[in-house]
Amino acid sequence: MTLVNFLWAVAVSTCLGYSTAQTVTQSQQQMSVQETESVTLDCTYDTRASNYYLFWYKQPPSGELIFIIRQDDFKQQNVTENRFSVNFQKAAKSFSLRISDSQLDDAALYFCALSGP
Ligand SMILES: *[C@@H]1O[C@H](CO)[C@@H](O)[C@H](O)[C@H]1NC(C)=O
């Protein structure tokens, strides 16, 4: 078994084309899990937008930014994509990513992002 390392950006904040401040906060710094285990990456956010999209991206050591998953705020279901799923709690402004069956190439820097209207 090999350890899979997950890294977080401390507090990535993006706000393109929207005048009010929007933030996303990732408070975990680094996590390691055994291969095949599951891991959950937390993200909370703040926005005054009434419609927005939430995203998770990963940046492996090779450097490119890879899109993982997108959740529309009005969707009543948590989005799932293969081994990736989210736990979106709109009232709590929480958007965590769960990775199941961790594999070595999951080791990366993970970014939570928010896009307003
Ligand atoms: C996502 O799943 C969690 C845990 O089951 C649940 O509390 C939450 O309401 C779900 N979110 C949506 C948008 O369905």
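## Chatting through bridges, rings and a ligand

Trainee: Hi! Which residue does Asp 73 form a salt bridge with?

Mentor: Asp 73 pairs with Lys 90, and their closest N and O atoms are 2.6 Å apart. A salt bridge here is a side-chain nitrogen of Lys or Arg within 4 Å of a carboxyl oxygen of Asp or Glu. Before we go on: this is a predicted model, where local features need pLDDT of at least 70 and side-chain atom pairs count only at pLDDT 80 or more, while totals for chains, interfaces and linings use all residues. Residues are numbered from 1 along each chain as its sequence is written, and side-chain values use heavy atoms, with hydrogens and water left out.

Trainee: Got it. How many salt bridges does the count come to?

Mentor: The count is 5 salt bridges. Among them, Asp 72 meets Lys 75 at 3.4 Å, N to O.

Trainee: And is Asp 72 buried or exposed?

Mentor: Asp 72 counts as buried because its relative accessibility is 6%. Buried means under 20% relative accessible area, exposed means over 50%, and partly exposed is in between (1.4 Å probe, protein chains only). Lys 75, at 45%, is partly exposed.

Trainee: New topic: which residues are around the ligand?

Mentor: Lys 75 again, plus Gln 76, Gln 77, Asn 78, Asn 87, Phe 88 and Gln 89. To be near, a residue needs a heavy atom within 4 Å of the molecule.

Trainee: What lies 2.2 Å from an oxygen atom of the ligand?

Mentor: That's a polar side-chain atom of Asn 78. Backbone atoms take part too: a polar one of Gln 76 is 2.9 Å from a ligand oxygen, and a polar one of Phe 88 is 2.8 Å from a ligand nitrogen.

Trainee: Phe 88 again! Which residue does Phe 88 form an aromatic pair with?

Mentor: A search of the whole structure finds 5 aromatic pairs. In one of them, Phe 88 partners Phe 95 edge-to-face, at 6.2 Å centre to centre and 85° between the planes. Rings of Phe, Tyr and Trp (its six-membered ring) pair if their centres lie within 6.5 Å; planes under 30 degrees apart are stacked, over 60 edge-to-face, and the rest tilted. Both Phe 88 and Phe 95 are buried.

Trainee: Which residues form an aromatic cluster?

Mentor: Phe 55, Tyr 57 and Phe 67 form one together.

Trainee: Last one: what lies over the face of Tyr 53?

Mentor: Arg 70 does, 4.4 Å from the ring centre. A charge sits over a ring if NZ of Lys or CZ of Arg is within 6 Å of the ring centre and within 35 degrees of the ring normal. Likewise, the charged end of Arg 83 sits over the Phe 84 ring, 5.5 Å from its centre.

How values were computed: A polar contact is a pair of N or O atoms within 3.5 Å; within protein, one must be able to donate a hydrogen and the other to accept it, and residues adjacent in sequence count only if both atoms are side-chain atoms.
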